[in-house]
Amino acid sequence: MRESGFISEVLFLGNSVSTQDSGRLSKRFYLPTNDLSNHIFLTGGEKSDISIFGKVAIEELAEKNIPSIIIDLDGTLSSVGLLFDSPTLKYLDLWKKLESDPKKSRDLAQKGFTQHLKQITSYGFTDEHIRRIKKCSETVVFTPRNGKGVPLATSSLINPPANFSQIYLDDPQLAASIVDSLVESLIQRLYLKQASSHEKEKKFLAELLVYAWLNDINVEGLTGLVRLIELTDDPPIGDVEGVSLDDHISVSERADLTQRLYNFSVVEKQLWYKGIPLDVDLLRGDKFESDKTRISVINLSELESSSERTFVVSRILYSIYNWMKKNQPSNVPRLCVYLNCLGGIDSMYSFDPASHVTKSPINLLLKEGNEYGVCCILSTQKFDNVDYKGLAQCKTWIVGGFEKNESADKLLEGIALAEIDSERMDTLINSCGENEVAAKLCSGEMLNVRQKCLASFHCVLPISFLSRVTDQNLREDFKPFYLSGTTSGAEVLAKLKASDLTPQVIFQNFEFGSDNREPFILEVEPEEAIMICLRELAEEEIFVDEVEFKNCQLTVVRAHKANWKIDALIRSPLGRIMEHIKDAGIYSRFDSFKPLNDEEEEKVVQLLDNHFIKHYSEICKRIAVLFPEPKIFTNRQVRINVGRQINAPAKDIQVAMREQNVATVWRFTVEYKSRLIECNIDMINRSVRMNFPAFSPLDALEAVKKIHPDFKIKEEDVISRAFSYMVNYTSGDRDYLFKVNRRSCKISKTKASITESKAREIASSKTKEESFMVRKYRNAWNFYYPNGVRLIIDEKNGNAVFRDMISADEAEALAIDALSRRAGESHFLIEKKEFKEGKWSLRLSSKRWNVELEINEDGKVFSKLKLRREHCLSEARRILTQQNISAAMYKNSDVWSDGWTFDFLSSLGDFTINIGPESAEFIKKRLTPEGIRHFVELETGGKVIGINDKRIFWSVLFKKDDLTYDAQMDKQSGDIKCVKVKGIFFWRSINIKKLKRKR
C-alpha cells in the first residue's frame, strides 16, 4: 500500500487485468486526480453499462472534496445519491416503485441488497465504505420545469462571460460561436421543426444579444427575456451584417418573432423560470455552511423534446463556462462536469458542423477547462454520430465491450480519428470480460480494467422517486434562493385591507429568513426598502393591494479593512542608515457575489466606521440574507501585500484590522396578475432597477373589453410598442384608440375621434368641390382642393375651418431663402418639385451642394444637404497640387455624413484627403523614401542627405544654411514631430515652426 498522500492524489477506479489471462486480477488501478483536468470520454455498446465507471469517479471525487455537476439526460445518473448501508424504508419503497407485487418487491429488495454488499466486499470494502461516502457527500437532484427535484430556473439567455468585451475584440470567432449557439437553441425553442428556415431571425437575435452584452443589459431570467422583447420590438441597431435592418428582416417578421417571445415568456413562465437560479456557486454548495462535498444532478429525463434538452444543456454548460472564467486559473481539479448520452440521433456532440448548440460550449470546456480546474466526463452508448476528432481533447478514453457490427466499425474509425492506436484498442476491447473496459490513459498507456463496484445503488431512478434522493432539510435550505416562491404570511396579507398594508405590516409578515444571525451594516431599513419598491410600482399604476410579495433577499458584502503604518530605518550590514521609510494607508478586500468597482469599494469602506445595525437578528428571521463565502484575511497577508506595494520590509509594518458585513442590494419579487416583478434597490449606488414581465396582446384586449364589453375587438387590432399596446377599434362614426401599459396592463390613455367617412360627410356639407387629397394631420382631417384651399376638421368635435395652402412659388421662395442662410449660397437649380401627402418636396443643386428639402403646411422647412462629389474631388486635387504632388493616381472614394474621403496613389506614397463642409484634412500613408525626401524638403526648404528607419519614426538628416539637422518624421501621419540641429559639441532641439519655410 502506498502512502496516504499518494492515495489523496489518485482515484481508485478498479483493478487492472492481465491481457494474457483476462480472468486473473493483477493490481489496483489508480487514475491520477490531475489527469481529470485533461478530461475523460466513456463509450461502449448497449450491453456495457459504461455510466458505472463515471459514477465511480464521481464517488471517488466526493471523497477528495471535489464537487460535481452531473447532467443526466436519461435518468441513469440520478441514483448516485442512493447510498444504503442497510435495507431502510426508503430502499424498500424504491423497490415498490420498480415492482407492482409487494411480496416480490420485498424479496427482490433483500436479494439486491445482499448482492450489492457482496460486490463491495469483493474489492476489500464493507458497509463502512458506504457510510463514509454518505458522511462526506450530499446529493441534490435538480429538475427544470417541474418540482419533482429541487426546481431549477432555466433562463432563455444568459449574461456574458466576465471578459466578453475583450473576447469580442481579441477573438471575434470565439465570441460569435458563443452567441450563435445560444441564439440557435432559443430559435429552436421558438420555431421548433421550422427553426432551420429562420436564419434571418437568428442573425437578428444574435446582433441584439451582442448589443445587450456589450452594453451591460441584463438578459437573464424572466426579466431578461422581457428586456430582449423590448429590444426586438424597438431595435437599437440599424443593420445586420452590413445590411439595413428592414432589408434583412421585415417589420412583419420582427413582429412575429416578438410575439413568439411574448408567448414563451407568458405561457411557460411559471415552469421554466421557477426555482433556484442557474448559479454554479449554488450547485457547488459554496453558499451553504456545510463540510460535505456537493454532487448536483440535473435530471432532464422529463423534458419532452430534444430541443428542450439541448436548450437546457447549453444554458448549463455556458453558465459553468462563465463561472470558470470569473475564477483564477487552477492546476488542481475544482469541479467535475459529467454529461451522459452524448451521441444518438439528437447528438449533443455531432460531427455535423451545423449542429453546434451544445457542441460549442462542450468545446469551450474541453479547450479551456484544464486551465481552470474544470474536468469533463463525457459518455455515450450511441457513438454513430459523435465527433471523435473533437473528443481527441479527452486524453483518457474508457471503452466498454460491444457486439461486432457496423456501429462497432464506426467506433474503431472514430478511435483512429482521435489519433489512438485503433488496432491495440480493438485487441483490448475483444479481450474484455464481464464488467471490464479497455482504457487509454493520459500517459499513453493502454490496458484492461475491471470496474470497481459502486457504493451507491445503481438503477434508472423512477421520476416519482426523485424528490426522495435529496434530504428534505437540504431541500429547505434552497428556499431562500428561489426566484419565485410563496410566503407563509401571504394568507395574513390577503386578509388585511389595502389601508392596512403598510411597509411595516408587510415586513412583519415576511418569513423568508434563516438561522444565520451574523451581523451586518444596513443603510436602508427593510420598511424603507419596501416603501421604495411600492413607490416604483405606483409609477406604473400598480398599487399595494394588487401585489403579493413572493420573495425578499438581502445581498451582503464581506468587507476587510486594514489600517497600516510604517516608521522604520533601513540599515546597511555595517549599521549605517540607508533609508527612513515612513508611510500610512488603508488596505482593503471585498468578498461579494459580484465584483465591486472602485467607487463602490470606496463607499463600502466609508460605511465601516460609521454604521452598525443592532437589530440584524430580527431582519435575518424575516428576510433571506445572502452572505458571500468567507475567505481567510490575515494580518500576515496584509503586511506582505503592503510591503510589496511600498517596497518595504513586511516585518516593520503595523496593521490594525477590521472585518464587517455590509448589506448592498435589496431584492424583492412580487406577484401581480400572476406575473413576477423584480425590484433591485442598490444601496451603494443609490439606484433602483425594476424588471417587469410584459403582458401579451391578448391581455391588452381583455383590459379594454372590461371597460367596453360590447366592443368586438380582435387580436389583429392590437399594435405592439416598446412599452405599451395600442388597440384600435371603430364603432359607428368614431375611431377609438386605447393605450395599454405593457407593465401594468392598465389603460393609460383613451382617444376617440371621428372616422374618415364622417369627416367626408362634414366636408361635403361645407363645399361642393371635390378634394384631390385627404390626410389626417395634427389631430384633424385635412381636405386639399384644387383652388388652393385646405379644409381642416377637428377629429374630436367635428368643427371645420378653411385655410389657404402654400403655393408652388411660395414654396420655391421659402426653399431658396432657407438655403441661402444655411449653405451661404443663393444660386440653386431646382431639379424636382411636387406636392405629396400635404408637403412640398423639392430637390435642388448648386456647384457645391445637393439638397433634398420638405416644406409642410405651416411653411416650416426641413432640409438635408450633402456636398457634391465632383466639387470635393476638385478640392482634393487642388490640395495635392499645393503639396507639389503632380503625378497622383485616383484610387477610390467614400461618402460620410458631412463630406467625402478620397484615396490617391503616387510614387511618393499613399494619400487620403477628407473634404468636409468647413475643413479639409490631408493624410499621408506608407511614404516611400522619395516621399519622405519630398515632404521634408517641402516643409523645411533644406536638402535631405540621409534617411534612417527607427522602427516607429524616420530619422531624416538634411542641410540648410550650412547647418545639419535631424528631423523625426512620424510613420503614421507623415508629420515632422521633432527637429534637432548639430552644434559644435552636441545636438540641440529647435522649434519646428521657426524652421518651416513660408509657402
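Patches here are made of residues with over 30% relative accessible area and no salt bridge, joining like charges within 9 Å and nonpolar side chains (Val, Leu, Ile, Met, Phe, Trp, Tyr) within 5 Å. A salt bridge means a side-chain nitrogen of Lys or Arg within 4 Å of a carboxyl oxygen of Asp or Glu, and accessible areas come from the Shrake-Rupley method with a 1.4 Å probe, where for residues only the protein chains shown count as cover. This is a predicted model, in which local features need pLDDT of at least 70 and side-chain atom pairs count only at pLDDT 80 or more, while totals for chains, interfaces and linings use all residues. Residues are numbered from 1 along each chain as its sequence is written, and side-chain values use heavy atoms, leaving out hydrogens and water.

With that in hand, let us look at one such patch. Tyr168, Leu169 and Leu214 form it, and together they have about 290 Å² of accessible area. Leu214 belongs to helix H8 (residues 199-214); helices (H or I, at least four residues) and strands (E, at least two) are DSSP runs, numbered from the N terminus. Leu214 counts as partly exposed because its relative accessibility is 34%, on a scale where buried means under 20% relative accessible area, exposed over 50%, and partly exposed in between (1.4 Å probe, protein chains only).

Now to strand E31, residues 849-855. Its covered face holds Trp849, Val851, Leu853 and Ile855, and its uncovered face Asn850, Glu852 and Glu854. In a regular strand, side chains alternate between the two faces of the sheet.

E31 pairs in the antiparallel sense with strand E30 (residues 839-845) over 6 bridges, and also with strand E32 (residues 861-867), over 7 bridges; two strands pair if DSSP finds at least two bridges between them. Glu852 is a handy landmark: Arg843 stands opposite it, and its bridge partner in E32 is Lys864. The hairpin from E30 to E31 runs through 3 residues. In the hairpin of E31 and E32 there are 5 residues between the strands, and Gly859 takes a positive phi near 85 degrees.

## Two buried residues

Asp682, in strand E19 (residues 675-682), is buried because its relative accessibility is 14%. Its side chain makes polar contacts (pairs of N or O atoms within 3.5 Å; within protein, one must be able to donate a hydrogen and the other to accept it, and residues adjacent in sequence count only if both atoms are side-chain atoms). One reaches the backbone nitrogen of Ile684 at 3.0 Å, and another the backbone nitrogen of Asn685 at 3.0 Å. Leaving aside residues up to four places away in sequence, Asp682 touches Glu600, Thr664, Val665 and Ser687, a contact being heavy atoms within 4.5 Å.

Ile713 sits in the loop between helix H26 (697-707) and strand E21 (718-720). Beyond residues up to four places away in sequence, Ile713 touches Leu701, Val704, Lys705, Val727 and Tyr729. The C-alpha atoms of Ile713 and Thr730 are 9.2 Å from each other, with the two residues 17 apart along the chain.

Most residues other than glycine have a negative phi. Arg926 has a positive value, near 45 degrees, in the loop between strand E36 (920-925) and helix H30 (929-940). Asp961 also has a positive phi, near 55 degrees, and lies in the loop between strand E38 (953-960) and strand E39 (963-970).

How accessible are these residues? Arg926 counts as exposed because its relative accessibility is 59%, and Asp961 is exposed with a relative accessible area of 64%.
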